[in-house]
Amino acid sequence: MARIISNFFISLDGVVEAPDQWHFAYWNDEMGAAVDAGMRDQAAMLMGRKLYEEWSAYWTTTGEDQDIAAIINSTPKYVLSTTLEKADWTNTTLVNGDVAATLRELKERLDGDIQMSGSATTVRWLLANGLLDELRLLVHPIAVGRGQRLFEDTPTHPLKLVRSETFQTGVLNLAYTPDTD
């Protein structure tokens, strides 16, 4: 059975928006290994409309990071959206209608992890619907001060820390599961 795992670059003040503007100073081999490990274990990718639009524009045209582009382009991708009419990116399926039922079926059918990178709105929805299995945070030692936060105006979601590691840069690599006890 597959697990839905969400991954975020996040600041100390909870900002997940525009990590390209604040996270690269903390990138090192430790972080690269953590990101690579998650990508190797994925059976599929899950994303919301905004991330789909950003990534499909970038990863299909970029000359940089060809190894990562090859992985992303060849991985089955599922896009949750009520506004998109089509998803033309290679190996992409648009999911609408009874999204929760479709995701439960995917979790039953797939072997390996269904990974997400970003998509804060989608993660909040997954948590609210009991569909998120693990939340992985790379917490950067910086207060960004503005931008979308992972949890904004949400109900309480108890989480349990299942793994932690500190990188040499001061970044915390944390993994949480919903605490259903």
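Q: Is serine 81 buried or exposed?
A: Buried, in this predicted model. Its relative accessible area is 7%. That counts as buried because the cut-off is under 20%.

Q: Where is serine 81 found?
A: Serine 81 lies in the loop between β3 and β4 (92–95).

Q: What does the side chain of serine 81 reach?
A: The backbone nitrogen of threonine 83, at 3.0 Å.

Q: And which residues is serine 81 in contact with, leaving aside neighbours within four places in sequence?
A: Arg49, Leu94, Val95 and Asn96.

Q: New topic. How many residues has the largest nonpolar core?
A: It has 28 residues. Leu46, Leu103 and Leu150 have the most contacts inside it.

Q: Which elements give two or more residues to this core?
A: On the strand side, β1 (3–11), β2 (42–48), β3 (77–80), β5 (113–117) and β6 (134–140). The helices are α4 (99–109) and α5 (120–128).

Q: What is leucine 46 in contact with, leaving aside neighbours within four places in sequence?
A: Ile4, Tyr78, Leu80, Leu103, Ile114, Gln115, Met116 and Leu126.

Q: What does the second, separate core include?
A: That core has 13 residues, among them Leu51, Trp59, Ala87 and Trp89.

Q: Back to β5. How many of its residues are buried?
A: 4 of its 5 residues, so β5 is mostly covered.

Q: In which sense do β1 and β5 pair?
A: Parallel, over 5 bridges. Asparagine 7 has serine 117 in β5 as its bridge partner.

Q: How many bridges join β2 to β5?
A: There are 3, and these strands run parallel. Here alanine 44 has isoleucine 114 in β5 as its bridge partner.

Definitions and conventions: Residues numbered from 1 in each chain as written. Predicted model: local features only at pLDDT ≥ 70, side-chain atom pairs only at ≥ 80, totals over all residues. Heavy atoms only, no water. Core = buried A, V, L, I, M, F, W, Y, C linked by side-chain atoms within 4.5 Å. Buried < 20%, exposed > 50% of the residue type's maximum accessible area, 1.4 Å probe, protein only. Contact = heavy atoms within 4.5 Å. Polar contact = N/O pair within 3.5 Å; in protein donor to acceptor, adjacent residues only side chain to side chain. Pairing = 2+ DSSP bridges.
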